[in-house]
Amino acid sequence: MSDTQLLGRPVWCELLTTDVKAAEAFYTAVVGWTVAPFEGSLPDAYDILKRPDGAGMGGVMKIPEGMNFPPHWVMYLGVPGLDDAVAHVKRLGGSTLSEVIEVPHVGRLQVLTDPQGAMFSVLEPAPSSPETPEVRPVAGDVSWRELYTTDAAAAVTFYAGVFGWRETQAMDMGPMGKYHIVARQWDIGGIMNKPKEMAQVPANWGLYFMVDDLDGAIERLKAGHGQVLNGPMEVPGGDRVVNCMDPQGAAFSLHSRKR
């Protein structure tokens, strides 16, 4: 994979939670994932989340001791060189939240924040990592990423500068300002200013998981003691989404394609 193909490519996601087994039971029922242990994770247990077709798409682990964060999802972006990418993030006003973590046969990673404080991780894959083509999302994938921030225009500039993302559209949402759609080969997410109702919530990236049947997934979510925070609703283009919270308190969203 060339450096330009890897830079800024969403390559993984991760749930840090208070009750791993309960979270796994919830998401496998709602999204259709299966779970497999990651053999290289000792002494800390780490499980792999697999799409319905068997491909790994993310991981789940218990929040480490001493980390003062509630349950949350993290997106990982690929970089050809971790040190250069982290230096670039710092030059543009971001910062580090962790030391460099090396995972044998997986790569080097680090947790960062953008200039407005939203958290994300970067991953430099190990040379032995298998190359996979970048394809449009399928059921069980992260299908959209949404940044709620304090300065959407500045965030667009930051992610373009570090990762090469380009803005394809800025939709006017009235009092809420503009919704900036960002892309690689195709649109991958949106960036917007936090509404006043979220004034006390730190800037954050929200992840949307694709399901074939949104209404069925919502029924399973409610049966599993998850919460619907907003929606379901139709978005421009005819797709449907719903914003949710899992039983441990991690926010996420579900997305189904227009039928």
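This is a guided tour of the model, one selection at a time.

**Before you start.** The model is predicted: local features need pLDDT of at least 70, side-chain atom pairs count only at pLDDT 80 or more, and totals for chains, interfaces and linings use all residues. Residues are numbered from 1 along each chain as its sequence is written, and side-chain values use heavy atoms, with hydrogens and water left out.

Helices (H or I, at least four residues) and strands (E, at least two) are DSSP runs, numbered from the N terminus. Two strands pair if DSSP finds at least two bridges between them.

**Stop 1: the sheet.** Show the strands β10 to β17. Eight strands make an open sheet, in the order β11-β12-β13-β10-β14-β17-β16-β15, with mixed pairing. From one strand to the next, the twist averages 20 degrees. Strands of a sheet pair through backbone hydrogen bonds, either parallel or antiparallel.

Stop 2: Start with β11 and β12. They pair in the antiparallel sense over six bridges. Pick Arg166: opposite, in β12, stands Ala183. The two strands form a hairpin with five residues between them, and Gly174 in the turn has a positive phi of about 70 degrees.

Move on to β13. β12 and β13 run antiparallel, joined by four bridges. Three residues separate the two strands of this hairpin. For a bridge to click on, take His180, whose partner in β13 is Ile191.

Now color β12 by accessibility. Buried means under 20% relative accessible area, exposed over 50%, partly exposed in between (1.4 Å probe, protein chains only). Five of the six residues of β12 are buried, so β12 is largely enclosed by the rest of the structure.

**Stop 3: the parallel pair.** Select 142-149 and 187-193. These are β10 and β13, which pair in the parallel sense over five bridges. Glu146 has Gly190 in β13 as its bridge partner.

**Stop 4: Ile191.** Stay in strand β13 and select Ile191. Is Ile191 buried or exposed? At 0% relative accessibility, Ile191 counts as buried. Beyond its neighbours within four places in sequence, Ile191 touches residues including Leu147, Ala152, Val156, Tyr159, Val182 and Trp205. Tyr179 is 12 residues away in sequence but 5.8 Å away in space, C-alpha to C-alpha.

**Stop 5: helix α4.** Select 152-163. At 1.5 Å a residue, these 12 residues should span 16 Å, and the end C-alpha atoms are 16 Å apart, which agrees. The expected span is 1.5 Å times one less than the number of residues. The buried residues of α4 are Ala152, Ala155, Val156, Phe158, Tyr159, Val162 and Phe163. They cover an arc of only 165 degrees around the axis, which puts them on the same side of α4. The arc is that of the directions from the helix axis to the C-beta atoms. Gly164 follows α4, with a positive phi near 80 degrees.

**Stop 6: Arg184.** Go to the loop between β12 and β13, where Arg184 lies. Arg184 is buried, with a relative accessible area of 10%. Its side chain makes a polar contact with the side chain of Glu134 at 2.8 Å. A polar contact is a pair of N or O atoms within 3.5 Å; within protein, one must be able to donate a hydrogen and the other to accept it, and residues adjacent in sequence count only if both atoms are side-chain atoms. A polar atom of the Arg184 side chain also lies 2.5 Å from the backbone oxygen of Gln5.

**Stop 7: helix α5.** Select 214-223. Its buried residues are Leu214, Gly216, Ala217, Ile218 and Leu221. Among the elements that cover them are α2, β15, β16 and β17. At the start of α5, a side-chain oxygen of Asp213 reaches to within 3.3 Å of the backbone nitrogen of Asp215.

**Stop 8: backbone exceptions.** Most residues other than glycine have a negative phi, and most peptide bonds are trans. His225, in the loop between α5 and β15, has a positive phi near 70 degrees. His225 counts as exposed, at 67% relative accessibility. His105 has a positive phi of about 70 degrees and sits in the loop between β7 and β8. Finish at Gly231 and Pro232: a cis peptide bond joins them, with omega about 5 degrees. Pro232 is in strand β15.

Key. Axes are lines fitted to C-alpha atoms, for helices over the stretch in contact, and angles run from 0 to 180 degrees between N-to-C directions. Contact means heavy atoms within 4.5 Å.
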